[in-house]
Each structure stands twice: as C-alpha cells, then as structure tokens.
Amino acid sequence: MRYSFTMEAKNTITQMRRGILEFCIVSLLADEKIYTAELIDRLKAANLIVTDGTLYPMLNRLQKGELLEYHWAESESGPPRKYYSLTDKGLTYLNELDKAWQDITSSVQTIRRGNQSE
C-alpha cells in the first residue's frame with residue numbers, strides 16, 4: 001500500500017528506516033546464511049528499499065565489529081557468492097536490539113494511546 005506523505009514526513013520516515021535497517025539485517029541473518037543479493041531482495045520484499053551503497057558499508061562495519069562473518073560458496077549460476085551469517089557476538093547484539101525495540105515500541109504505544117485519550 002502506498003501513501004502520500006508531506007516532505008517533512010518523508011524525511012522523518014527515511015531516518016526511521018535508516019535507524020532500523022541494521023536491526024532488520026541482523027534479524028534476517030539470525031536463522032540462516034544469506035548472500036547479499038538475497039538480502040537485498042528480502043529487504044525490498046519487506047518494503048525496506050536499500051541500495052548497494054548503503055548495504056555494503058553496513059555489512060563491512062558489522063563484519064569488522066565481529067558481529068557478522070562470511071564465507072564464499074560456488075554458485076550454480078555465475079560467480080561465487082559471499083554468504084553472511086551472525087557470529088555469537090552478533091546473536092548477543094541481536095538480542096540486545098530486540099529488547100531495545102520492545103522498549104521503544106512500548107514507549108511509543110504508551111504515548112500514542114495517551115494522545116488518543118485526549
């Protein structure tokens with residue numbers, strides 16, 4: 001579903017999406033090894049449009065922080081693929097983000113419910 005937003009709302013929505021992109025990436029990598037093109041496809045399917053210029057630096061930073069690891073695997077259709085997965089440190093990080101997300105959404109819901117009762 002597409003909505004029409006003001007420029008102010010669009011800017012805030014962009015910042016919100018950027019803020020949760022890393023959380024979404026580590027969430028996708030929690031259960032399986034995924035190569036970058038598949039990762040982009042899954043983010044797009046969830047309506048989180050992402051470009052290579054955004055994704056690759058984030059993956060590199062997460063890898064340097066020892067939250068992700070990767071391995072190369074041969075592909076049946078083309079060059080070898082770089083598959084990413086979470087490390088144990090990355091799983092701990094995901095659990096921390098999950099708790100923070102629950103706190104944030106609970107806080108926002110509390111505020112929104114308060115606004116609705118006025």
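Colleague: Which residues in H2 are buried?
Modeller: In this predicted model, the buried residues of H2 are Thr36, Leu39, Ile40 and Leu43. Seen down the helix axis, the buried residues of H2 fall within an arc of 100°, so they line one face of the helix.

Colleague: And what covers the buried residues of H2?
Modeller: The cover includes helix H1 (7–28), strand S1 (34–35), H3 and strand S3 (81–86).

Colleague: Moving to charges, how many salt bridges does a search of the whole structure find?
Modeller: The search finds three salt bridges. In one of them, Glu22 pairs with Arg61, with the closest N and O atoms 2.3 Å apart. Glu22 belongs to helix H1 and Arg61 to helix H3, so this pair ties together parts that are 39 residues apart in sequence.

Colleague: Is Glu22 buried or exposed?
Modeller: Glu22 is buried, its relative accessible area being 12%. Arg61, by contrast, is partly exposed at 45% relative accessibility.

Colleague: Which residues are linked in a network of salt bridges?
Modeller: Glu32, Glu38 and Arg42 are linked in such a network. Arg42 bridges to Glu32 with the closest N and O atoms 2.8 Å apart. That pair connects helix H2, which holds Arg42, to the loop between H1 and S1, which holds Glu32. Arg42 also forms a salt bridge with Glu38, again at 2.8 Å between the closest N and O atoms. Glu38 and Arg42 are both in helix H2, four residues apart, about one turn of the helix.

Colleague: On the backbone, what is phi of Asn47?
Modeller: Phi of Asn47 is near 65°, a positive value in a residue other than glycine. Asn47 sits in the loop between helix H2 (36–45) and helix H3 (52–64).

How values were computed: Residues are numbered from 1 along each chain as its sequence is written. This is a predicted model: local features need pLDDT of at least 70, side-chain atom pairs count only at pLDDT 80 or more; totals for chains, interfaces and linings use all residues. Side-chain values use heavy atoms; hydrogens and water are left out. Helices (H or I, at least four residues) and strands (E, at least two) are DSSP runs, numbered from the N terminus. Buried means under 20% relative accessible area, exposed over 50%, partly exposed in between (1.4 Å probe, protein chains only). The arc is that of the directions from the helix axis to the C-beta atoms. Contact means heavy atoms within 4.5 Å. A salt bridge is a side-chain nitrogen of Lys or Arg within 4 Å of a carboxyl oxygen of Asp or Glu.
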